[in-house]
Amino acid sequence: MEDFFGLLGPILQSTVRNATPLVFAALGGLFSERSGVVNIGLEGLMLISAFAGVVGANLSGSAFIGLGTAVAAGLLFALIHALMTVTFEADQIISGTAINLLALGGTGFLMVAIFGSGGTSPRIEGFESVAIPVLSSIPLLGPALFDQSILVYLMYVLVPVVFFVVFHTPFGLRLRGTGEAPEAVDTAGVNVARMRYYGVGLSGVLAAFGGAYLSMGLLSAFTENMTAGRGFIALAALIFGRWNPIGAAGAALLFGFAQAVTYSVNEQAIPIEFIEMIPYVLTIIALAGLGGRAIAPAAIGKPYRKE
Amino acid sequence: MSEGRREQEGRDPLLRRILTGAAGALLFPLLAILLSFAIGAVIVLATGNNPVAAYVALFNGALGDPSAVGRTLLNATPLIFTGLAVAVAFRAGLFNIGGEGQLFIGAVTAAWLGVSLGFLGPLAIPVVLAACVITGFLWGSVPGMLKAYFGAHEVITTIMLNFVAINFAYYLAQNPLRQEGPIPGTETVDLAARIPAISFALGRANYGFFVALLAAVAVYLLLWRTRRGFEIRAVGLSPGAANYAGMRLGLNTILALAIGGSLAGLGGGVEVLGTYGNMDVPFVANLGFNGIGVALLGRNHPAGVVLGALLFGGLYAGAQEMQFATDVPLQLATVLLAIILLLVTATKLVEFIVGKRARALASGAGTRLERGLGS
């Protein structure tokens, strides 16, 4: 039992760390999908931001400037997705796939062009853990929740903020309306295209925080394809969390916990590959409707053409 | 032909002739390719290199000599399979993003059976490939059934199933099928049971390419020469009408995704028996995702898929030569492909460039995709 508690602390801490990039990206996906634009490009948005953050931090020596360049890159790539899908009416799935490919190829290309070789970038000054006085000395939960990087604290704040914005502000109402019934909100005078640009743009900004946390919080360098499918796990968290910020954050924590358990307890009891399947299998189950079906915003995936 | 149409043709014969038929079908992809290369040239310039030199090296690396052609064929082979996997499902109005996982299922099947049936020599090849078709079919039918019986959207389920398949294949490759030694991966298939190379001059290009061509012909015959294919296309064009005509939507949905799975699975088998000889961990990535681009570029027609795969394969083959001959990183190829993919369904962009009439004639792929993901 003592052994269990000895392990539980690090497991909880790594749960929060695993979940943080997923929460950011899932919240980003939420804005995009609630506005009616599928965003399977979250993976690519995180990847390009992780890279841009390292480049910014490397050139400036400041992690905060790195965060700024990460957000700029995430926003830029998200706006490409918005331009193609909203303005040029390209297929959203195809555009998202292309964004992922563009980020993968683009970061590989720029690694060579900027740092001279592929693989891993030079180390940069990342975001160190900042222990919050008093709170961080709570047994067990203290170190897990309150001895983390500043980006983790930002994530705590963002979950309720996003919930409030989406469900309790006029902006959120318009955003959800755009994703559910674009004709109706258009009639009511809302600019559907603009709302979708906002939704997709916000997905880029939030996914960028997730990407920056990977390369500047968890690690202090960029490695090629370092997102390693996290964008898709975030998508899974979003769907499993029923397109709700609290639900998505809960799902991300669950997925993060599953990973943390394997990495620290694993004595070949369950092969790691099977643990890694958990988010995906749960999402499929949720979509298939066992335990209350997950239903996407009604107008998602369809370009809106003003009559 | 009605009077009205003839009159219209008389008014604008040249434009119509250019835009109808094959030329019309090629308009979208060609525009996407041209724009992508133009953007690529700007990127190359921005890195301080000469785009002409880079593209010349790219072309030489793809088609310049027999060994370059061999590399192009080698790269194109799996993409024909994954492109067909997307195209068949697409004809039924379904989006198969699961080619990646389906290919892994086929690959691990081939690595397992190829090793254990290696004693059969060349006889093992058809047996193993048939097994890949079957496992791919079964795996592909899963999202089909999830859609038909539970209404779960195939885009999300195929994405999720990719990761399930990849993890499952890696588990098998690293545990029951693991080879001796430090490199994670399966044992290697006996040389006698591998797909032979076409000729010495073409390097590693193997007869798997012809298997891929046969698969493309089979898909053509299935879709346009059989009753089942007619039903699949009818369901894709108009589910309501197909249902009214007595066609079973669920069955055709399952079959279209399962046939897609069997094609990608066969592709995985050919990769193992033809190109690699085993399944390493990590195994070659992104073949399934690139298949989406190949299918769209080929307008979901088997002949187009073959052309699209040759283009993608050639780009990847040429990129290595380009990096060697100039200072341009080979990842430029991936960037070019991403831009092509980004542009190829952008109906409004084409309208913007070539005008509304051209778009109306060439937008088959674009309009068909405009169905929601909500239901």
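Two residues are taken to be in contact if their C-beta atoms, placed from the backbone, lie within 7 Å. The structure is a predicted model, in which local features need pLDDT of at least 70 and side-chain atom pairs count only at pLDDT 80 or more, while totals for chains, interfaces and linings use all residues. Residues are numbered from 1 along each chain as its sequence is written, and chains are lettered from A and ligands numbered from 1 in the order in which they are written.

The contact between the chains draws 46 residues from chain A and 42 residues from chain B. On the side of chain B that touches chain A, at least two residues each come from α7 (124-150), α8 (154-174), α13 (287-297), α15 (332-344) and α16 (347-354). The most, 11 residues, are given by α8(B). Helices (H or I, at least four residues) and strands (E, at least two) are DSSP runs numbered from the N terminus. This side of chain B comprises 29 nonpolar, 11 polar and two charged residues. Ala, Val, Leu, Ile, Met, Phe, Trp, Tyr, Cys and Pro count as nonpolar, Asp, Glu, Lys and Arg as charged, and the others, Gly among them, as polar.

Chain A contains 12 helices and two strands, arranged along the sequence as α-α-α-α-β-α-β-α-α-α-α-α-α-α. The C-alpha trace of chain A spans about 65 × 50 × 40 Å along its principal axes. In chain A, among contacts between residues at least 6 apart in sequence, 76% join residues at least 24 apart.
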